[in-house]
Structures are given as C-alpha cells and as structure tokens.
Amino acid sequence: YTGLNFIGIEPAQTLDASDMDTFHIDVWRTDPSADFKIKLVDFGPNGVWNGGGDDKEHEIIFNTTNGNAIATHQWVSLDIPMSQFTGLTTREHIAQLILASTNSTGGSGESLWIDNVYFSNAVIPV
C-alpha cells in the first residue's frame, strides 16, 4: 500500500477466533515517526455490524511513545497476544482488520507491505 492513511480488510465471512491466543502479521514500512495501528473488529453474536450495540473492537498503537515502535525498511514479525486487544471482548465474528499509519496531521502517507496475516493458538486441542 502506498500513500497510506488506513486500510480496511474484510473477509468474505466473519472469522471465529474465540480459541486463538495470538494475532500474527508481518510488516514492512517506510515511516519511522508515524504511529502504526492495528484494529480488530468483532460484529458480536449476530455477526452483523449494527453501529455499536454488540459490536466490539480494540486498537493497538505502535510508536516510540509506547516503547513498541516498529522498525522501518525491514520485515518485522508481530505476534500479538489476543489478550492485548482488551476491548475485543467477543471474538466469534471477527469481521474487520484495520491498519492505519498516522502522524500529527493525519495519514502519514507511508508505504506499507503486509504478509502472513493469521490467528494462531499455541495449544492445539486434542
């Protein structure tokens, strides 16, 4: 993606990540000063966006202020525990992944490559 402000990714069907403990994404980016944000949105028990109500979401911000800035001009693998998405209290109908890159004036306009986006679970049920 070039000229990045934000991108929204929506699967054809909602994803059930209720048994997953990690969100993984590989990122390559160009602007070291921009905030990089990852937001997951769950459409709640009915699996339909209704503008609030039972919909849940949480955004994690990566930057120098938070001490978790993502290096630039190299591939970086992020394995984020689902427990860090504290506002995402339901995970049975994940319907949106929103990635954003912002600075004090809005969208940073940086270039961003992403790869290997998935949910995983360290414990495999028998």
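Which residue in strand 5 is the bridge partner of Ile 25? In this predicted model, that partner is Leu 78.

## The nonpolar core

The largest nonpolar core has 22 residues, and the members that touch the most others are Phe 23, Ile 38, Leu 78 and Phe 85. Strand 2 (22-29), strand 3, strand 4 (56-62), strand 5 (76-81) and strand 6 (94-103) are the elements that give two or more residues to this core.

Leaving aside residues up to four places away in sequence, Ile 38 touches a list of residues including Phe 23, Ile 25, Leu 78 and Phe 85. Its contacts also include Ile 60, Phe 62, Leu 97 and Leu 99.

## Aromatic pairs

A search of the whole structure turns up 5 aromatic pairs. One of them is edge-to-face: Trp 28 and Trp 113 lie 4.6 Å centre to centre, with 85° between the planes. This pair links distant parts of the chain, as Trp 28 is in strand 2 and Trp 113 is in strand 8 (residues 112-120), 85 residues apart. If you are curious about the surface, Trp 113 is partly exposed, with a relative accessible area of 41%.

Phe 36 and Phe 62 form a tilted pair, 6.4 Å centre to centre and with 40° between the planes. Phe 36 lies in strand 3 and Phe 62 in strand 4, so their pair ties together parts that are 26 residues apart in sequence. Both Phe 36 and Phe 62 are buried. Elsewhere, ring pairs link Phe 23, Phe 85 and Phe 119 into a cluster; Phe 23 and Phe 85 were named above among the core members that touch the most others.

## A polar contact at Lys 39

Lys 39 is found in strand 3 (residues 35-42). What does the side chain of Lys 39 make a polar contact with? Its partner is the side chain of Glu 57, at 3.2 Å. Not counting residues up to four places away in sequence, Lys 39 touches Glu 57, His 58, Glu 59, Gln 96, Leu 97 and Ile 98.

Key. Residues numbered from 1 in each chain as written. Predicted model: local features only at pLDDT ≥ 70, side-chain atom pairs only at ≥ 80, totals over all residues. Heavy atoms only, no water. Helix = DSSP H or I, 4+ residues; strand = E, 2+ residues; numbered from the N terminus. Polar contact = N/O pair within 3.5 Å; in protein donor to acceptor, adjacent residues only side chain to side chain. Contact = heavy atoms within 4.5 Å. Core = buried A, V, L, I, M, F, W, Y, C linked by side-chain atoms within 4.5 Å. Buried < 20%, exposed > 50% of the residue type's maximum accessible area, 1.4 Å probe, protein only. Phe/Tyr/Trp six-rings, centres within 6.5 Å; stacked < 30°, edge-to-face > 60°. Pairing = 2+ DSSP bridges.
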